[in-house]
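Trainee: I have just opened this entry and would like to talk it through. Could we begin with a pair of packed helices?
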Amino acid sequence: MAKDTPPKPSPAGKPPAGGGGAVTKAPKEKAQDDQVMATNSSSIASKRSVEKFYYPDEPHFFRYFVSKLQRRSPLINRGYHLRLHVIDVLVRNFLRSSRDTKCKVVVNLGCGSDVLPWQCLTRYPEHCTPPEKVKFVDVDFPDLIQRKRATVLNTPELKNMFPGLESSAGPVVLKSDQYYQVGCDLRYLDTLQSALAEIVGGDIEECSFLFVAEVSITYMETAGADNVIRWASTVGDAEFVLLEQILPDGPGHPFASTMLTHFNKLNTPPKSVHVYPTLDSQTERFKSRGWRSVDAWTLWQAWADSDVFLSDEERKQLEEVEAFDEWEEFAIFGSHYCLVHARTISPSEEKKTVAEPRGVVDVPVKEVKVQYDEVPGQRGQRRFGAALSLTAVEGSSVEDPVVVNVMGLGTKSRLSSCDVYTTTRSEGPEGGFAFKEGGPASRMCHSLTDLDGGIALLAGGRGSPSTPMEDCWILEGGEMMWKRTHDLPFPLYRHSVIPLGRKNMALLLGGKGTDGVFGGCLLYEPDLGWIEVDIVGDVRPVPVYGAMLACLAGNGIDQFIGIYTGGLDSTKGVIADQVLDWELDITDFKKPTMKFRHLPVTRGDDARESRECRRLLTRFGASCSLLRPETLVIVGGVVDGHILHQQDEVLEYVVSEEGVKLTRRWSMTIEDGMPRPLLVGNSTAAVKDRNLLVLGGGATCFSMGTFWNKGVYTLHFDNTPGLGDDRRWAHWKTVEIVPGEARNSSTEKNATGPDSLQPGTVTPIKRVRLKASQDFAKVMKKGRPVVIEGLHLGSCASTWDLDYLVSKVGADRKVVIHESSTQAMDFNAKNFRYVTTEFGDFARRVGAGEKLYLRALSSEKPAEKPALLSEDFPALVPDFMLPPQLSAVDENLFSSVLRVSGPVNMWLHYDVMANVYCQVSGSKRLILFPPSDVEHLSFAPGASSSSIDVFASLGNSGGALSQTHPHEAVLSPGDVLYLPPLWLHTATMTPDSTNSIAVNVFFRHLEHSGSYAPGRDVYGNRDLAAYEKGRQDINRIAKSFQKLPAEAREFYLLRLADELRRKAR
């Protein structure tokens, strides 16, 4: 039978004809066969995707069974990789094991198009020899096996790995010394036993067998599947590896119901899942059928089993394959699949069977009344948003607040909107509900923290997992306005943020960013921005993201205490077993300190119960709320190893100095007709009377569909009778948030960014020293210019002057120079001319104070090749070097340009590539502008140069620079200026210099080389390919409006221009 598909019964209940001879099929049966083949094709297409991207350095074999590569989503790739990996490990261990038998035989039951034999020969060749000692047998229905046989025989890359392959007429349709194919219906075990006896020469009892059934026999009638398991235990020394679906929390769990519906629609319902829904029942299944030793895992548990399947390092390496953040969905998927490893002979070292937690005993269970208010259609369907109760909105109140669920992932893409909920007795805020212009761009996995005075802080988030965000915004509920505030010092998502006291402060811990997982703490103060908190004491938190953070007590001013627990451990790739309390001291805002302490989780004297209480507390992606002082209510998320059972989804813990204690399970009362919610990806908001709203949420259920929560769930922890029909919650409307900052706004900007000061104010560029190449990597990551001091550039710093250059370059060397009649050169006006002259004459004239400038070109092909100091001026090479701290420049080198100038100003321009400007002799003054200033600096469409005379315009209020944010660098000999790409800049000599000598080194900074425009780029400032294509698109768009009246054409083009502007912000 094919993987993930049920076996087909043989006609009239008879064993299939030897060799899988053709059988006339009824149309209905043929249609079902087509469905089976399609399902098999889907499965191997996913495995082909894993093979391609997760195993790039080994031969690929699925490619011969898949006509076209389809890259699957990260969730499906990760899930199939885990499926393949755990089976591979157990097969590998079998091949490596010492056996007293004559032969080892790996039998793949329901093999489909799997390539297990070829992978084993490739990965473990030393354990697959000699051929007569190790054999591989593929078993499936005759018609499918015939197709597989044809593919193998017609593909040299498959056929040649098993010499002597030949077809046969019996059930063994293909055979060699080591590889065999058997066409057999698994209901007819006598046929299979006869085939195996033929393969091993009749000595079945003298062989060791490993039977593999990867999502195959579950589609048989359960009695038939059980017969396969019982029969396999009778062949002697045998092992069995079973991978199939389970229902750990019953068929009513949202993932389970989605999975079962999917297979039912395909007319391929799994049968065994209802009889053996748990690990315990699967273990007993095997033990009662002759298997002496049985180990069982969920796939989610196997993921974290470092002793057997994946080491911490192996899990971390998978992060390099593709960006991944579907952890909740991965955990739920893995919890619904079991892996069973059974043996007829107990292993020499008895391994503890992985047990399924049975839940905590003697914990009071109290029903929490659940009110469900359905939201029709797709309204309200968003995941990984953030909710907030607004009472400052005009027309709302504590009794009837407005609740918003902001941004997140919708049914098709990330959303730049929020859902607005009100009670049905409220008519909504007076005057409607709409945000004023400006606000954050679409995102998910961000934080939204309710501060004091009706305002909230939105911080970070992400687009894709590889594009975290650093911008932060203040939402003023009363004004319905978003205002940009201090950015995070680095991008983060899935961080934890809580409010502190009454000064609109907030505390941030953890989170994931471009540089990995943040292991520190940040304090937000409205005037000072984000301040790094110094962690004192012996305990430092393991860097995690997706953790729970709560403030339990404090004086509300400068002393706070709380708890920090769970999250994903970045060092291991599993949920962190971490429960900490913390004490924050912000007596000195500028030097806040934080101390952590490990907290025990206890449940009386029962160690097992205490461990289970701890496991249920350390979650990923959960929300926590203070029900009462020092009492936490935890909702949803995922835990280590297994699914969260319904009775454990909402728990109450009490925190004290002695530790954390599970005090109550809140069992949600799901009434008839009320869909059970999936408590992942949801948002929660606390409202009056200790009620908690659960909004949005759901999950992609692997390849089986997406489950959405389709309403508002209100958890009444006081067990109040309900709000009544006049106070049901209703989805009032969806409101768009227009991304970007409001035009002509005096909004506060990022205090550390390029736009922090008033327009026109000149900001000195920061000066730094670098100890290692990693320091320069951090500089590049921040994307801000810096002046680097103290670098060793070679002997040039002490030897280079005009006379020395002439002696090395040669007085008669021809060079092309700029000869200007005015100090301010203008590329657009061409107020200079290009002159070819001898280098000696050029140096003499520069020394005499003439307005000349040399930007060296390639000596070989100046119109085709970039300049390289090593090729163009080889005599100068021994004098100049890039130090080790700038190794990234050398590794990505594009060009290195010698620049020599007299008293002239370089025009305002930008470079597409990053570069370092190494000042060797003389001094330079440079003025830089952030890329966002480009619209204020008179750059014509497609031009990289402007005619503005920056040095003449500085200080003129209301002049050409009035809306810009200039930055200044003064370079002395030995200084190196790092110029990030697209920072606009101009340069002049300082008054105390008569000439300047520098080396300007350009390097490629983009990871994807395809981002650069194709073709010739001598100067390294050709605009990126996307911009060049975009200009062509603009021309096409403009032409499409030509036939409209002038007013309509202007109207719509201005609207499109405004839309582009907003997307840019």
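Trainee: At what angle do the axes of helix 6 and helix 7 cross?
Mentor: This is a predicted model. In it, the axes of helix 6 (residues 189–199) and helix 7 (residues 222–232) cross at roughly 35° and come within 11 Å. The crossing of these two helices is right-handed.

Trainee: Which residues of the two helices meet there?
Mentor: Helix 6 contributes Leu 189, Leu 192, Gln 193 and Leu 196, which meet Asn 227, Val 228 and Trp 231 of helix 7. By type, the residues of this contact are 5 nonpolar and 2 polar, with no charged ones.

Trainee: Why is helix 7 described as largely enclosed?
Mentor: Of its 11 residues, 8 are buried, so helix 7 is largely enclosed by the rest of the structure. Among those buried residues are Gly 224, Asp 226, Ile 229 and Trp 231.

Trainee: And what covers them?
Mentor: The cover over the buried residues of helix 7 includes helix 6, helix 9 (272–275) and helix 10 (279–287), together with strand 1 (103–109), strand 6 (207–214) and strand 7 (237–245).

Trainee: Let us stay with helix 10. Is Gln 282 buried or exposed?
Mentor: Gln 282, a residue of helix 10, has 0% relative accessibility and therefore counts as buried. Leaving aside residues up to four places away in sequence, Gln 282 touches Leu 242, Glu 244, Ile 246, Tyr 276, Cys 338 and Val 340.

Trainee: A different pair now. How far apart are the axes of helix 2 and helix 13?
Mentor: The axes of helix 2 (residues 74–96) and helix 13 (residues 327–335) are 10 Å apart, and the helices pack at an angle of about 35°. Helix 2 passes helix 13 in a right-handed crossing.

Trainee: What kinds of residue make up that contact?
Mentor: On the side of helix 2 there are Leu 75, Arg 78, Gly 79, Leu 82 and Arg 83, and they meet Trp 327, Glu 329, Phe 330 and Phe 333 of helix 13. These residues divide into 5 nonpolar, 1 polar and 3 charged.

Trainee: Now the backbone. Which residues does a cis peptide bond join?
Mentor: Thr 129 and Pro 130 are joined by a cis peptide bond, with omega about -10°. Pro 130 is in the loop between helix 3 (116–123) and strand 2 (134–140). As background, most peptide bonds are trans, and most residues other than glycine have a negative phi.

Trainee: Where is Phe 384, then?
Mentor: Phe 384 is in the loop between strand 10 (365–374) and strand 11 (386–390). Although not a glycine, Phe 384 has a positive phi of about 60°. Its relative accessibility is 11%, so Phe 384 counts as buried.

Trainee: And what about Glu 630?
Mentor: Glu 630 is not a glycine either, and its phi is positive at about 65°. Glu 630 is in the loop between strand 32 (623–628) and strand 33 (631–635). At 37% relative accessibility, Glu 630 counts as partly exposed.

Trainee: Stepping back, how many helices and strands does the chain have?
Mentor: The protein chain has 23 helices and 56 strands. Of its 1065 residues, 56% are buried.

Trainee: Finally, what is the average pLDDT?
Mentor: The chain averages a pLDDT of 88, and 89% of the residues score at least 70. Over residues 16–23 the pLDDT is below 50, and that stretch has 17 contacts in the model beyond near neighbours in sequence. Residues 745–756 also stay under 50, with 29 contacts beyond four places in sequence.

Methods: Residues numbered from 1 in each chain as written. Predicted model: local features only at pLDDT ≥ 70, side-chain atom pairs only at ≥ 80, totals over all residues. Heavy atoms only, no water. pLDDT = per-residue confidence, 0-100. Contact = heavy atoms within 4.5 Å. Helix = DSSP H or I, 4+ residues; strand = E, 2+ residues; numbered from the N terminus. Buried < 20%, exposed > 50% of the residue type's maximum accessible area, 1.4 Å probe, protein only. Axes fitted to C-alpha atoms, helices over the stretch in contact; angles between N-to-C directions. Left-handed = near helix turned anticlockwise from the far one by under 90°. Nonpolar A, V, L, I, M, F, W, Y, C, P; charged D, E, K, R; others polar.
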